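Please keep the sequence and the model in view while working through the numbered points.

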Amino acid sequence: MASIAMAASLRTFLRPHRCRLLLRQSRSLSASAAPAGAAAASTVIRRSVVEVLRERGLVEATTSESLGSASASPRELKAYCGFDPTAESLHLGNLLGLVVLSWFRRCGHNAVALVGGATGRVGDPSGKSAERPELDLAAVETNSNAIKSLIGQILDRAPEPSQHSQSGKNLNLEQNEQALVNSGEKMGSFQILDNYDWWKDITLLDFLKEVGRFARVGTMIAKESVKKRLMSEDGMSYTEFTYQLLQGYDFLYMFRNMGVNVQIGGSDQWGNITAGTELIRKILQVEGAHGLTFPLLLKSDGMKFGKTEDGAIWLSPKMLSPYKFYQYFFSVPDIDVIRFMKILTFMSLDEIQELEESMKKPGYVPNTIQRRLAEEVTRFVHGEEGLEEALKATEALRPGAQTQLDSQTIEGIADDVPSCFLPYGQVLKSPLVDLAVSTGLLASKSAVRRLIKQGGLYLNNIRIDSEDKLVEEGDVVDGKVLLLSAGKKNKMVVRIS
């Protein structure tokens with residue numbers, strides 16, 4: 001009787017909860033008969049999404065080899081990646097999760113982006129040396145809504161399977177995707193969920209009874225993220241210690257109620273991912289739940305890619321302009337650019353190899369590959385409009401450029417470069433040497449004069465050749481702003497008040 005009661009309790013606890021779903025489908029599947037070319041396409045050997053990801057350097061580990069065979073057939077998998085709302089925007093480190101979800105879709109599988117409206121109130125200890133600052137409920141809700149909107153926009157821009165260069169060495173991938181196109185299956189769908197939708201109905205006693213009793217403390221402590229924190233000076237709170245069970249239950253809930261059978265995440269998420277697969281196996285007593293991790297986004301020197309002196313590289317244009325985002329990728333060192341192109345873009349590997357070979361040829365123009373990388377990633381994150389804005393600003397703000405500057409273009413980068421306010425009377429007829437010092441562009445008048453002699457000082461992109469140059473009325477763009485440049489990178493926007 002006790003076992004019957006326990007089973008009944010478990011069924012009640014795992015009942016489907018009402019969820020608010022934001023469902024987007026790239027295109028509904030045709031219910032009509034397959035086109036004539038489908039028969040030929042069916043003979044093509046499909047490559048699994050795991051193979052595709054592995055050859056691009058996007059697989060760190062998988063929980064079982066069976067994931068590879070399961071992923072060879074479209075619609076067999078439904079993969080999810082979690083994003084906690086710790087800020088109003090995702091950052092560059094989160095972009096890999098969106099890229100990998102998009103590859104699942106491009107190979108015909110469905111994807112789920114899970115926003116942690118519940119788990120974000122706790123904070124994931126993985127990869128952290130100290131406990132995250134607690135967010136109030138209003139901040140969590142505001143961040144969650146902003147992130148849902150951002151994720152929807154980015155995932156909606158994932159290119160269709162046939163939208164990349166066609167070439168011989170990538171033939172297997174071409175055939176795999178062409179088979180999808182011919183069969184009418186095309187892109188998989190994606191959903192955006194919020195785990196608060198089911199956590200809000202769960203009590204602590206229910207959770208301890210139905211989930212906690214299946215968790216072994218020894219196994220939880222053995223997780224790498226826990227061991228590192230326990231050895232630290234501050235240790236680890238019970239709240240953080242239980243995070244792996246919360247994330248594990250998310251996987252269990254979606255596996256049981258929504259058919260989600262793959263969880264993906266960065267390599268630092270391995271402990272949380274395996275917590276989910278273990279719970280599914282123990283509680284539901286079934287197999288078929290998989291985990292896949294991808295490497296963290298690191299530069300060749302081992303430092304995190306996406307961290308700067310100014311902070312994180314945000315994906316939302318409200319927190320970082322498309323121009324600044326584009327410039328960050330344009331500045332990637334040669335040693336990293338090809339690897340980032342493989343993992344962050346949807347370009348074919350053949351085309352990437354051709355670009356890599358072009359770097360070694362005489363006459364290669366520096367930063368040509370970086371420009372392509374910046375264009376591809378900016379287009380995915382900010383769309384065509386964002387890319388056009390970035391390209392326009394990049395060209396217009398290039399010292400010596402012939403593009404006519406306007407105040408709107410200059411104001412568009414004012415948040416991304418140093419700026420200051422000065423009264424109109426203090427600017428007009430002012431010696432440019434004095435202005436360059438008073439605005440903080442350069443430290444001294446002698447440094448300004450030296451730069452003028454070297455041909456490196458620009459006013460509104462026009463090189464200044466005379467130390468006696470005064471600011472005239474016509475130099476003030478639209479009567480509002482000036483742009484001072486010391487070389488190619490150091491700029492100062494002077495707003496006229």
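1. Helices (H or I, at least four residues) and strands (E, at least two) are here DSSP runs, numbered from the N terminus. The model is a predicted one, in which local features need pLDDT of at least 70 and side-chain atom pairs count only at pLDDT 80 or more, while totals for chains, interfaces and linings use all residues. Residues are numbered from 1 along each chain as its sequence is written, and side-chain values use heavy atoms, with hydrogens and water left out.

2. Most residues other than glycine have a negative phi. Asparagine 460, however, is not a glycine and has a positive phi of about 55°. Asparagine 460 is placed in the loop between strand 11 (457-459) and strand 12 (462-463). Its relative accessible area is 13%, which means that asparagine 460 is buried (under 20% relative accessible area; exposed is over 50% and partly exposed is in between, with a 1.4 Å probe and protein chains only). Aspartate 478, also a residue other than glycine, has a positive phi near 55°; aspartate 478 belongs to the loop between strand 12 and strand 13 (481-486).

3. How many residues of strand 5 (residues 190-194) are buried? Five of the five are, so strand 5 is largely enclosed by the rest of the structure. In a regular strand the side chains alternate between the two faces of the sheet. In strand 5 both faces are covered, with Phe190, Ile192 and Asp194 on one side and Gln191 and Leu193 on the other. Strand 5 pairs with strand 4 (residues 110-115) in the parallel sense over five bridges; two strands count as paired if DSSP finds at least two bridges between them. Within this pair, leucine 193 of strand 5 stands opposite leucine 114.

4. Strand 10 (residues 419-422) has one covered face, formed by Cys420 and Leu422, and an uncovered face, formed by Ser419 and Phe421. Its pairing with strand 14 (residues 490-496) is parallel and runs over four bridges. Cysteine 420 has valine 494 as its bridge partner in strand 14.

5. The salt bridges come next, a salt bridge being a side-chain nitrogen of Lys or Arg within 4 Å of a carboxyl oxygen of Asp or Glu. By this rule there are eleven. In one of them, the closest N and O atoms of aspartate 336 and arginine 339 are 3.2 Å apart. These two residues are separated by about one helical turn, because they are three residues apart in helix 16 (residues 334-344). Aspartate 336 is buried, at 2% relative accessible area, whereas arginine 339 is partly exposed, at 35%.

6. A network of salt bridges links Glu351, Arg372, Glu376, Arg379 and Glu384. Arginine 372 and glutamate 376 have their closest N and O atoms 2.9 Å apart; they are four residues apart in helix 18 (residues 368-396), and so about one helical turn separates them. An α-helix has 3.6 residues a turn, so residues three or four places apart point the same way. Glutamate 384 and arginine 379 meet at 2.8 Å, N to O. Glutamate 384 is partly exposed at 43% relative accessibility, as is arginine 379 at 27%.

7. A nonpolar core is a set of buried Ala, Val, Leu, Ile, Met, Phe, Trp, Tyr and Cys residues joined through side-chain atoms within 4.5 Å. The largest has 69 residues, of which Leu92, Ile151, Leu315 and Phe329 touch the most other members. Helix 5 (residues 92-106) gives the largest share, nine residues. This core lies between domain 1 (49-160 + 186-297) and domain 2 (321-397), because both give residues to it; the domain bounds come from an automatic or database domain assignment. Another core, of 31 residues, lies apart from it and includes Leu193, Ile202, Leu245 and Ile280.
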